[in-house]
Amino acid sequence: MRDLSVLVIGAGMGGLTATLALQKLGFKVKLYEQALALGEVGAGLTISPNATRALEFIGLGPFMAEAADKPSSGALVHYRTGDVLTKTERDGSFLEQYGAEYYQIHRADLHDALVAAVCANDKDAILLSHNFDTLTQNETGVTATFTNGETVTGDLLIGADGSRSSVRASIIDTIAPKFTGQAAFRGMVPAEAVKPYMTIANSTTTMGPGRLFTRYYLRHEALVNVVGITKTEAWKEEGWSIPATREEFLTEYAGWNENVIGIINAIPKDKLFKWALFDRDPIPEWTVGRATLLGDAAHPMLPFLGMGAAMALEDGVVLARCIEKYKSPAEAFASYEAARKERTKGVLLDSRKQGVWYQTSNPDNFKGFSGTGEMRMPLMGYDPGSIPV
Ligand SMILES: Cc1cc2nc3c(=O)[nH]c(=O)nc-3n(C[C@H](O)[C@H](O)[C@H](O)COP(=O)(O)OP(=O)(O)OC[C@H]3O[C@@H](n4cnc5c(N)ncnc54)[C@H](O)[C@@H]3O)c2cc1C
């Protein structure tokens with residue numbers, strides 16, 4: 001199907017990966033993004049071995065090896081005492097066990113690298129200021145209409161426009177997401193400012209009643225990424241860039257150990273944000289005719305496993321391989337859904353379970369990290385570049 005023209009909506013991690021994978025396989029792709037300029041928020045991203053393999057497929061393996069951090073140790077910590085509940089030395093073990101590295105990277109750095117790679121293949125591939133509105137289709141093609149009045153026609157359309165996807169609303173549903181009663185704080189702080197509080201391991205999650213606090217290094221240990229997730233009904237806004245105050249963050253974590261409080265106190269005021277966590281059930285179909293979905297548009301998930309972006313990257317690679325292999329859009333999309341639906345549904349449901357486990361486990365009576373132990377191999381050993389399609 002190499003002569004097909006493919007339209008991708010949304011230049012996030014998933015849309016860029018799909019575009020790059022399709023380019024690599026010889027397709028011409030146009031990627032439409034609503035934003036006026038390309039960029040990502042200041043936050044960290046965990047790239048587990050399954051996601052690393054997707055990045056290796058699209059040629060970003062060397063970039064990751066150079067730009068990302070490889071946490072050499074991880075620990076789970078008691079919220080009040082600061083005692084280590086469990087600790088793992090990781091150096092080299094992911095590569096050995098799963099055949100690919102486990103990384104942590106600044107979202108903006110990975111996003112920039114994906115954009116640069118797409119544009120190196122085709123400098124006109126990405127069109128900004130294109131806010132997708134709706135689509136129509138028939139047996140020969142699909143036409144997207146943007147809110148600026150422009151229309152564009154292609155053979156296939158991929159909706160990679162995130163958890164509030166307009167493509168999904170256009171072809172599948174407009175079901176409202178459910179508020180989970182939880183919210184997250186995120187912040188970024190220079191490592192130098194929090195050195196005394198970073199002693200236990202270079203990646204830690206501290207757990208306490210109804211709350212957790214994760215922090216890890218980025219940019220070769222120059223920055224520390226911070227995420228705190230807490231039960232609260234105080235606000236219900238979902239955006240990624242809602243400013244938060246240090247006082248709000250400290251109020252939620254009153255009584256936590258000095259490493260947590262020290263880090264929160266050091267986050268610069270303009271680097272602290274908050275957002276409410278919403279949940280959506282898995283949907284049975286992602287495709288209608290010549291249009292399909294990927295990433296958060298198809299299966300938005302809670303952040304407790306840190307796998308949302310990983311699933312978007314996997315989708316992008318598998319979908320490109322299906323489009324390459326099959327003669328018709330119907331066969332390609334059917335094969336893509338067959339390869340991806342059960343896996344992403346399982347990860348979505350396990351992310352929920354992991355959240356419940358964090359929120360309900362009692363660190364005073366810690367019984368071991370249940371987490372995702374039993375599913376780690378199928379989860380992280382997955383290779384989107386070689387699974388059968
Ligand atoms: C607290 C938190 C921590 C996380 N940590 C991790 C982690 O460590 N590891 C991990 O794998 N995942 C993580 N995730 C999940 C991850 O961020 C998402 O799953 C991932 O960004 C989804 O990628 P995407 O490309 O599907 O969507 P997005 O990244 O949301 O990209 C969608 C793109 O579409 C564009 N767009 C939207 N609407 C339109 C429109 N109408 N027209 C045109 N363009 C449009 C947007 O501007 C955006 O560029 C985390 C999520 C949260 C909330």
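Is Arg186 buried or exposed? Select Arg186 and check: Arg186 is buried, at a relative accessible area of 3%. Here buried means under 20% relative accessible area, exposed means over 50%, and partly exposed is in between, using a 1.4 Å probe and protein chains only.

A quick word before moving on. This is a predicted model, where local features need pLDDT of at least 70, side-chain atom pairs count only at pLDDT 80 or more, and totals for chains, interfaces and linings use all residues. Residues are numbered from 1 along each chain as its sequence is written, and side-chain values use heavy atoms, with hydrogens and water left out.

**Stop 1: around Arg186**

Arg186 sits in strand E12, residues 178-190. Helices (H or I, at least four residues) and strands (E, at least two) are DSSP runs, numbered from the N terminus. Now show what touches Arg186, leaving aside neighbours within four places in sequence: among the contacts are Val41, Val226, Trp240, Lys271, Phe273 and Trp275. Contact means heavy atoms within 4.5 Å.

**Stop 2: the ligand**

Next, select the ligand. A residue is near it if one of its heavy atoms lies within 4 Å. The ligand is surrounded by 30 residues, and the closest are Gly14, Glu33, Thr46, Arg107 and Gly306.

Zoom in on the polar contacts, which are pairs of N or O atoms within 3.5 Å; within protein, one must be able to donate a hydrogen and the other to accept it, and residues adjacent in sequence count only if both atoms are side-chain atoms. The side chain of Glu33 has an N or O atom 2.7 Å from a ligand oxygen. A backbone N or O atom of Met13 is 3.3 Å from an oxygen of the ligand, while a polar backbone atom of Gly306 lies 2.8 Å from a ligand nitrogen. Taken alone, the ligand exposes 1,000 Å², and the protein buries 86% of that; these areas come from the Shrake-Rupley method with a 1.4 Å probe, and for residues only the protein chains shown count as cover.

Color by secondary structure now. Helix H1 (13-24), strand E3 (44-47) and helix H9 (308-325) each give at least two residues to the shell around the ligand. The largest share, four residues, comes from H9.

**Stop 3: Gly10**

Click on Gly10, in the loop between strand E1 (5-9) and H1. Gly10 is buried, at 8% relative accessibility. Beyond its neighbours within four places in sequence, Gly10 contacts residues including Leu31, Glu33 and Asp161. For a sense of scale, draw a line from Gly10 to Thr86: their C-alpha atoms are 40 Å apart.

**Stop 4: helix H5**

Select residues 107-121, helix H5. Its buried residues include Arg107, Leu110, Leu114 and Val118. Among the elements covering them are H1, E3 and helix H2 (49-57).

**Stop 5**

Where is His220? Look in the loop between strand E14 (211-218) and strand E15 (223-231). Phi of His220 is near 50 degrees, a positive value in a residue other than glycine. Glu221 is in the loop between E14 and E15 too, with a positive phi of about 65 degrees. Glu221 is partly exposed, at 42% relative accessibility.

Finish at helix H8, residues 258-266, where Asn259, Val260, Gly262, Ile263 and Ile264 are buried. Asn257 caps the N-terminal end of H8, with a side-chain oxygen 2.9 Å from the backbone nitrogen of Asn259.

Key. Expected span 1.5 Å × (residues − 1).
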